[in-house]
Amino acid sequence: MVEIRVLRTPDELLASQQVFRAAMVGLPSLPVTRDVVSTLREPGLTYGAYDGSTLVGTTDGGVGALTLPGGAAVSHLAVTHVGVLPTHTRRGIVSALLRRQLRDARDAGHVVATLRASEAVIYGRYGYGVATSSVRAEVITARARLRDGVATSGTTRLVDREGSLDRQAAILDENPSARPGFVSRLSIWWAAHRLREDDKPVWVAVHSTDGRDDGYVRYRPTDPSQWWSGADRRVVVEDLHAPTDAVFADLLRFLLRLDLVDRITFPALPVDTVLPLLVHDRRAVRLQSTSDETWLRILDIHAALAARTYGSGSPVTVTVDDDELPENAGTVEVGPDGVRRVDGPGAVRVHVRELAAVLLGGTSWRALATAGLVTADADALAAADALFATDRAPFAGVGF
Ligand SMILES: CC(=O)SCCNC(=O)CCNC(=O)[C@H](O)C(C)(C)COP(=O)(O)OP(=O)(O)OC[C@H]1O[C@@H](n2cnc3c(N)ncnc32)[C@H](O)[C@@H]1OP(=O)(O)O
């Protein structure tokens, strides 16, 4: 049997970092030392599994906010650094760690937990479901001309990279996106980003509307060694924050003005991105692949459902199954006027994992029913879809 403990000292946190990296095998190296490791972890949120005196598994988190449909933000545990040493896998160690983490997060009052999954088969058993997706896009700049009707909403300027991370963090904090699924960025993530900085070229452009900074794009060439005479010069957008489509259009306008660049890659955009519509030749934009982005675990079903808004229509009763956090289980009535607990079986029956998939509007109830993941009749499904549908695809816009 392993023992699960909260890790606190720099040596324990460093050991957790090493266990995670050994489990992940192929991550780029990161100069984490005893001196800096505490800046990368929030106190009391790193867990370790011990086999005797040896740390063999770990999980970690940070607390921020996640935006629900309608714009309300709820308390959010961002789960990361999950790993078990290869010598100790398939003995239930990560299950013990993740269950303890979920229980503590619920008891601490967090409404949702989310993570990015290294594999799709790991987290569903703990109640995590895919709540947002992203699309990778590539722009062939020679063919990409912005449509004449795309209005300019502000100005875009290059800023010095020195100190610009603080500027980026402030812009994000001051201009959160109203898109469902948006998550606030944590200081531990910016600290990790600082640690990863190198002397390779990277550029930052900041957008302002009426003199107020409200968005930015950070981009870098993919292969500087081939830049001088390269025939296929590529730039990758490392990070982009555009709280509105108008800001996004201006940042795209800026990127399309870069000389020498043949292709621009956006590794992750919302699946309903306006990008192809903004250019005359929509095949200048290749939407290459979609990926699951946010795996979401609802920790407090009543709080999560009550904090979002709904479309019009009749209320629907939903019975939720949740073995891991049994206080969540039961029936709720959800309608345009709110959410309340009711007795008896609901018109729809769903596991908490599938409720996570519809919470932000990223999946329809009808699609879940087609996959056999919801039990309901056609009228109840239609009513639930009318309530839960959102006008924008949910998107977080950050990996962690
Ligand atoms: C948010 C993040 O940090 S994502 C990064 C996750 N970490 C990694 O991918 C690193 C490499 N992998 C690992 O460290 C480990 O294999 C982990 C963390 C994925 C799983 O840890 P384990 O301690 O082996 O998991 P545990 O023994 O608790 O498994 C629970 C169940 O999940 C299944 N399972 C776990 N991992 C996998 C997997 N990668 N593929 C298929 N099934 C899996 C187990 O078979 C078991 O199934 P069962 O309940 O039907 O018996």
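**From the whole chain to the ligand**

Modeller: Happy to! This is a predicted model, and its protein chain has ten helices and 17 strands.

Colleague: How does the radius of gyration of the protein chain relate to the globule rule?

Modeller: For 400 residues the globule rule gives 21 Å. The chain comes close to that value, so it is as compact as a globular protein of that length. Its radius of gyration is 22 Å.

Colleague: What share of the residues of the protein chain count as buried?

Modeller: A residue is buried if 20 or more other C-beta atoms lie within 10 Å of its own. Applied to the 400 residues of the chain, that gives a buried share of 43%.

Colleague: Which element gives the most to the shell around the ligand?

Modeller: Helix H1 (10-24), strand E4 (73-84) and helix H2 (93-107) each supply at least two residues. With six residues, the top contributor is E4.

Colleague: Which residues come nearest to the ligand?

Modeller: There are 22 residues around the ligand, and they divide into seven polar, four charged and eleven nonpolar. Those that come nearest are Ala23, Val82, Thr89, Val94 and Ser118.

Methods: Residues are numbered from 1 along each chain as its sequence is written. This is a predicted model: local features need pLDDT of at least 70, side-chain atom pairs count only at pLDDT 80 or more; totals for chains, interfaces and linings use all residues. A residue is near a molecule or strand if its C-beta atom, placed from the backbone, lies within 6 Å of it. Helices (H or I, at least four residues) and strands (E, at least two) are DSSP runs, numbered from the N terminus. Ala, Val, Leu, Ile, Met, Phe, Trp, Tyr, Cys and Pro count as nonpolar, Asp, Glu, Lys and Arg as charged, and the others, Gly among them, as polar. The radius of gyration is taken over C-alpha atoms; the globule rule is 2.2 Å times the number of residues to the power 0.38. A residue is buried if 20 or more other C-beta atoms lie within 10 Å of its own, exposed if 12 or fewer, and partly exposed in between; C-beta atoms are placed from the backbone.
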